[in-house]
Amino acid sequence: METSAAPALKKILVVDDDKTVTTTLDGLLSSHGYTVLVAYDGLDGMVQVRKNVPDLIILDIMMPEINGYDVCSNLKFDEKFKHIPIIVLTSREQELDSRVGRLMGIDYMQKPIDSKLLLGKIQNILK
């Protein structure tokens, strides 16, 4: 009798201090077959990455402890974690944000969340 292993679920870490956002994303992503890890500030996000390396990070910018820019730079300059794709989810609309993100290899999306657009971006990144 031959058994085949089920494909491993992709892990997505959601880092946002807004519990409504994390709950919404957890429900959306879980319903589409992703394993969701949650952190409520940048410091907790950094701890989560080191404990359980995710396949993708969805990251807010304006957070307590460590902001999203600092999380990005810490991860992108660390050999162990620089490969992890990051989608920054922000309510900020400044052009500088997206330019800095592109230079660091980070995708940007505006809040409020467009679930179809977000899911499409995630599927494209993780394929």
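This is a predicted model: local features need pLDDT of at least 70, side-chain atom pairs count only at pLDDT 80 or more; totals for chains, interfaces and linings use all residues.
## Overall layout

The pLDDT averages 86 over the protein chain, and 83% of the residues score at least 70.

## Burial and surface

The protein chain has 127 residues, and 40% of them count as buried. It exposes about 7,300 Å², with carbon and sulfur atoms supplying 53% of that area.

How about contacts along the sequence? Take the contacts between residues at least 6 apart in sequence: 62% of them join residues at least 24 apart.

The largest nonpolar core holds 20 residues. Within it, Ile-57, Leu-59, Leu-75 and Ile-86 touch the most other members. Several elements give two or more residues each: the strands β1 (11-15), β2 (35-39), β3 (56-59) and β4 (86-90), plus the helices α2 (42-51) and α3 (68-76). The largest share comes from α3, with three residues.

Setting aside neighbours within four places in sequence, Leu-75 is in contact with Met-46, Val-49, Arg-50, Ile-57, Phe-81, Lys-82 and Ile-86. Apart from this core lies another one, of 17 residues, which includes Val-21, Leu-28, Leu-29 and Ile-58.

Thr-22 sits in helix α1 (residues 19-31). Is Thr-22 buried or exposed? Its relative accessibility is 2%, so Thr-22 counts as buried, the cut-off for that being under 20%. Not counting residues up to four places away in sequence, Thr-22 touches Val-14, Asp-16, Val-38, Ala-39 and Tyr-40. From Thr-22 to Val-36 is 14 residues in sequence and 9.6 Å in space, C-alpha to C-alpha.

Asp-26 is also a residue of helix α1. With a relative accessible area of 29%, Asp-26 is partly exposed. Ten residues along the chain separate Asp-26 from Val-36, and their C-alpha atoms are 5.9 Å apart.

## Rings

Which residue lies over the face of Tyr-40? That would be Lys-19, at 3.8 Å from the ring centre. As for aromatic pairs, a search of the whole structure turns up zero.

## Loops worth a look

Val-53 belongs to the loop between α2 and β3. At 34% relative accessibility, Val-53 counts as partly exposed. Leaving out neighbours within four places in sequence, its contacts are Lys-11, Phe-81, His-83 and Ile-84.

Moving to the loop between β3 and α3, we find Glu-65. Its phi is near 70°, a positive value in a residue other than glycine. The relative accessible area of Glu-65 is 61%, so this residue is exposed, since exposed means over 50%.

Finally, there's a cis peptide bond to check: Lys-111 and Pro-112 are joined by one, with omega at about 0°. Where is Pro-112 placed? Look in the loop between β5 (107-110) and α5 (115-126).

Note on methods
Residues are numbered from 1 along each chain as its sequence is written. Side-chain values use heavy atoms; hydrogens and water are left out. A nonpolar core is a set of buried Ala, Val, Leu, Ile, Met, Phe, Trp, Tyr and Cys residues joined through side-chain atoms within 4.5 Å. Buried means under 20% relative accessible area, exposed over 50%, partly exposed in between (1.4 Å probe, protein chains only). Helices (H or I, at least four residues) and strands (E, at least two) are DSSP runs, numbered from the N terminus. Contact means heavy atoms within 4.5 Å. Rings of Phe, Tyr and Trp (its six-membered ring) pair if their centres lie within 6.5 Å; planes under 30 degrees apart count as stacked, over 60 as edge-to-face and the rest as tilted. A charge sits over a ring if NZ of Lys or CZ of Arg is within 6 Å of the ring centre and within 35 degrees of the ring normal. pLDDT is the predictor's confidence in each residue, from 0 to 100. Accessible areas come from the Shrake-Rupley method with a 1.4 Å probe; for residues, only the protein chains shown count as cover.
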